[in-house]
Amino acid sequence: YQETDNRFAQLEGRNFPNDTFRKLASAAEISEGTSTGTGFSIVSYFARANYGFMNKYLVSLSARIDGDSRFGEDQRYGFFPAGSVGWVVSEEPFMRDQNIFSFLKLRGSYGITGNTPTDNFPSRGLWDGAAGYANLPGISPTQSPNPDLQWENTEQLDIGLDWAVLEGRISGEIDYYQKNTTDLLLDVNVPGTTGFLTQTRNVGELENQGVEVVVNARNLQGEFSWNTSINFARNTNEITNLQGQVIEGGFINRAVEGEPIGVFFAPEYAGVDPENGDALYFLNTELPGGGVDRGTTNNVNDAERVVIGDPNPDFIYGMNNNFSWKGIELNIFLQGVYGNEVYNAGGVFQLDGFGWFDNQDARVLDRWQQPGDQTDIPQLRFLEGSTESSRFIEDGSYLRLKTVTLAYTLPQVLTKQFRIDRIRIYATGQNLATFTDYEGWDPEVNADFTAGNIGLGSDFYSAPQARTIIFGVNLGF
């Protein structure tokens, strides 16, 4: 059982006698005050049973019931069962005469999990008591009620294979999964005549499927050892049902049926008019007889918004290497992402968003300046460059030297003299190098898709990952 209860109060005073008096009671004027309260509670019941037969046939079953106060009064409880089976093939008699696999296990699982809202009162009608007019108190509605709001459910099927060869020197895992999410918790657009712009509802279905591969290798063993671990993951997702709706996700992201979640949706940039330096956009309007008008316009409002990019990567990967020799250890971890697109929202302002006095990007040197110039950067004009479009979509693929750790553990012959079991001296470097064609702050951007946030895969003046070096000593007694 979990209960969260938050209370917040704030008072502000002005005109104190001097800096010695620091309590509100000494203020000549209590100028402002506010207080808020929020909370929610969760109760869960869980049971699990495991069974193994002859160390090669494995079964696991689990079930849980969860209740959450944030859902509608009659929809607060959800039932989430799961089960898995495993077969250790290498334990079978027919595997004893082979000398390839030292371990081989086939496994599969199926289960249902639930997801809860991020806000505490999405099912309730909310009112604000601070809506005064002419110094008179008032009450106004701030949220439309949805008493039928219920759990978001995800069904997942996983089939995997664990293996090891060469007496375990090389091992790994291969997994295929498919996840189907129904009753998505989304802020759905509603007609403004209701008095609200959105309402949290259970709408739509989302499908994810992918493959994950891990390979571990003990390359060298002995006084000098070298171990390597490589991982690869590919995931594709598609919104299969939104009941015909289009849901805005913040900034230029959208949820659209038939597309991955959070696709970028904006006018398509067509370049620069070489005669006058205008930014051009493709019309992309549907023609009466079918097809799309690919003509251009210098008025962005005449251009249709279309899908201009996908923030979801084609795959992610990583490699971890560990070296050790006579107490010296070296760890090198590489992390990579390939095939995702990033909306460089900061570039909207760094390039030409505020004309001549706010640009911070060397690419403005390639701007249009006179008739005949061939460039993809329009003439600098006050506030005209801040229009969202595919102009600011960039390839977000990168390979990053994420961490490097060099350590030395002193011999126990020395440490025992000081009654210390272990002394390890180390230096760790984080984010030491990034290899990418992305021209913004950092290709590793946020992954939010909620109304009001900047948006999935958008770099909006984000702080780059800090390059850090840490020196330390571990002591063991």
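## Charges

In this predicted model, the protein carries 33 positive and 62 negative charges, and their mean positions lie 12 Å apart. Lys and Arg are counted as positive and Asp and Glu as negative, while His and the chain ends are left out. Each charge is placed at NZ of Lys, CZ of Arg, CG of Asp or CD of Glu.

Because the model is predicted, local features need pLDDT of at least 70 and side-chain atom pairs count only at pLDDT 80 or more, whereas totals for chains, interfaces and linings use all residues.

## Overall build

You will find 2 helices and 29 strands in the protein; these are DSSP runs numbered from the N terminus, helices being H or I with at least four residues and strands E with at least two. The radius of gyration is 29 Å, well over the 23 Å from the globule rule for 477 residues, so the protein is more spread out than a compact globule. That radius is taken over C-alpha atoms, and the rule is 2.2 Å times the number of residues to the power 0.38. Along the principal axes, the C-alpha atoms fill a box of roughly 80 × 70 × 65 Å.

## Surface and contacts

Of the 477 residues, 35% count as buried, meaning under 20% relative accessible area, with exposed being over 50% and partly exposed in between (1.4 Å probe, protein chains only). The protein exposes about 28100 Å², and carbon and sulfur atoms supply 54% of that area; the method is Shrake-Rupley with a 1.4 Å probe.

Among contacts (heavy atoms within 4.5 Å) with a separation of 6 or more, 61% are between residues 24 or more positions apart.

## Two loop residues with positive phi

Most residues other than glycine have a negative phi. Asn-55, in the loop between β2 (29–53) and β3 (57–68), has a positive phi near 60° and is exposed, at 66% relative accessible area.

Lys-326 has a positive phi of about 50°. Lys-326 sits in the loop between β23 (315–325) and β24 (328–338) and is exposed, with a relative accessible area of 52%.

How values were computed
Residues are numbered from 1 along each chain as its sequence is written. Side-chain values use heavy atoms; hydrogens and water are left out.
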